[in-house]
Amino acid sequence: MSASVETAASVARTAPAAVIVAIDGPSGTGKSSTSKSVASHLGLSYLDTGAQYRAMTWWMINNGIDVSDAVAVADAAGKPVIVSGTDPAAPTITVDGEDASGPIRTQEVTAKVSAVSAVPEVRSVVTALQRAIAAAAAKGIVVEGRDIGTTVLPDADVKIFLTASPEARAARRSGELKGKEAVDVSVTREALIRRDTADSSRKTSPLAKAADAVEVDTTELTLQQVVECVVTLVEEKRAVR
């Protein structure tokens, strides 16, 4: 996989009605649930970019790469073949042909993904992949992540930045992990805060709200309310195009 990255401006719409929606924000704000629901409602493709960085991290761990060694991670960044399925009803991700949807959600991967994703060569490879997927989405796509509206797809038609209180985010994330791993809410909260700091302070493509993004605080909102808000924004954009 080439590490070269095309300019964001070259990501062309593949159909007149195609719309690109960027949904950014930290973990536990409802990005995945919102993005999949919006994509399903509007008949768009869906891409979880965080899963791609998790897949890269999982591959590094499985192949004995010291993720604290940025040089080693950079050297290996182009080796794994990551393929993302974009059906919002059943998104998939494989690494070198192997289903990675379960393994990438472990605590070990969660603890190490920020270090891997901070390496510029990793971001270069994954960003190129994300732009290619967005450009190939004939009807449009909802792309969720942390730097979609600012770096990956700065010309996205609609940009949303989801936020929520640390307490709400920790409760949601702990609920997602329940039954998979024993997770204490307070531990999850501290882990989320540490990751926020790491993702927001990295030099390459940090977690940040785009200047033209609409911020939605999901702390007191139901999933349906958040989805309705985003769908309305997308439909308004479609109406004036």
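Which helix is the place of T49? That would be α2, and T49 makes a handy way into this predicted model. Local features here need pLDDT of at least 70 and side-chain atom pairs count only at pLDDT 80 or more, while totals for chains, interfaces and linings use all residues. Residues are numbered from 1 along each chain as its sequence is written, and side-chain values use heavy atoms, with hydrogens and water left out.

**The overall picture**

The protein's secondary structure comes to 9 helices and 8 strands. Helices (H or I, at least four residues) and strands (E, at least two) are DSSP runs, numbered from the N terminus. Of the 241 residues, 46% count as buried. Buried means under 20% relative accessible area, exposed over 50%, and partly exposed in between, using a 1.4 Å probe on protein chains only. If you look at contacts (heavy atoms within 4.5 Å) between residues at least 6 apart in sequence, 78% join residues at least 24 apart.

Back to T49: at 2% relative accessibility, T49 counts as buried. Leaving out residues up to four places away in sequence, T49 touches Q130, V143, E144, G145 and I148. Compare A70 in helix α3, which counts as partly exposed because its relative accessibility is 44%. A70 and A118 sit 48 residues apart in sequence, with 8.7 Å between their C-alpha atoms.

**Strands and their partners**

β1 is mostly covered, with 6 of its 6 residues buried. V19, V21 and I23 point one way from β1, and I20, A22 and D24 point the other way. In general, side chains in a regular strand alternate between the two faces of the sheet.

Then there's an open sheet of 3 strands, in the order β3-β4-β5, with antiparallel pairing. Its edge strands are β3 (82–85) and β5 (98–99), each pairing on one side only. Helix α2 packs on this sheet and touches β3, β4 and β5, and its direction makes about 25 degrees with that of β4. For that angle, axes are lines fitted to C-alpha atoms, for helices over the stretch in contact, and angles run from 0 to 180 degrees between N-to-C directions.

Here are the pairings, where two strands pair if DSSP finds at least two bridges between them:

| Strand pair | Sense | Bridges |
|---|---|---|
| β1 and β6 | parallel | 6 bridges |
| β1 and β7 | parallel | 4 bridges |
| β3 and β4 | antiparallel | 4 bridges |
| β4 and β5 | antiparallel | 2 bridges |

V19 has G140 in β6 as its bridge partner, and D24 stands opposite F161 in β7. I82 stands opposite V95 in β4, while T94 has D99 in β5 as its bridge partner. A hairpin joins β3 to β4 through 6 residues.

**The cores**

A nonpolar core is a set of buried Ala, Val, Leu, Ile, Met, Phe, Trp, Tyr and Cys residues joined through side-chain atoms within 4.5 Å. The largest one has 37 residues, and M56, V122, I141 and L153 touch the most other members. Elements that each supply at least two residues of this core include β1 (19–24), α3 (70–76), α5 (120–136) and β6 (140–145). α2 gives the most, with 7 residues. Apart from this core lies another, of 18 residues, among them V19, L44, L162 and V226.

**Helix α8**

Helix α8 runs over residues 185–201, and its 17 residues should span 24 Å at 1.5 Å a residue, which agrees with the 24 Å between its end C-alpha atoms. The expected span is 1.5 Å times one less than the number of residues. The buried residues of α8 are T188, L192, R195, D196 and D199. Seen down the axis, they fall within an arc of 110 degrees, so they line one face of the helix; the arc is that of the directions from the helix axis to the C-beta atoms. On the other side of α8, R194 and S201 are exposed.
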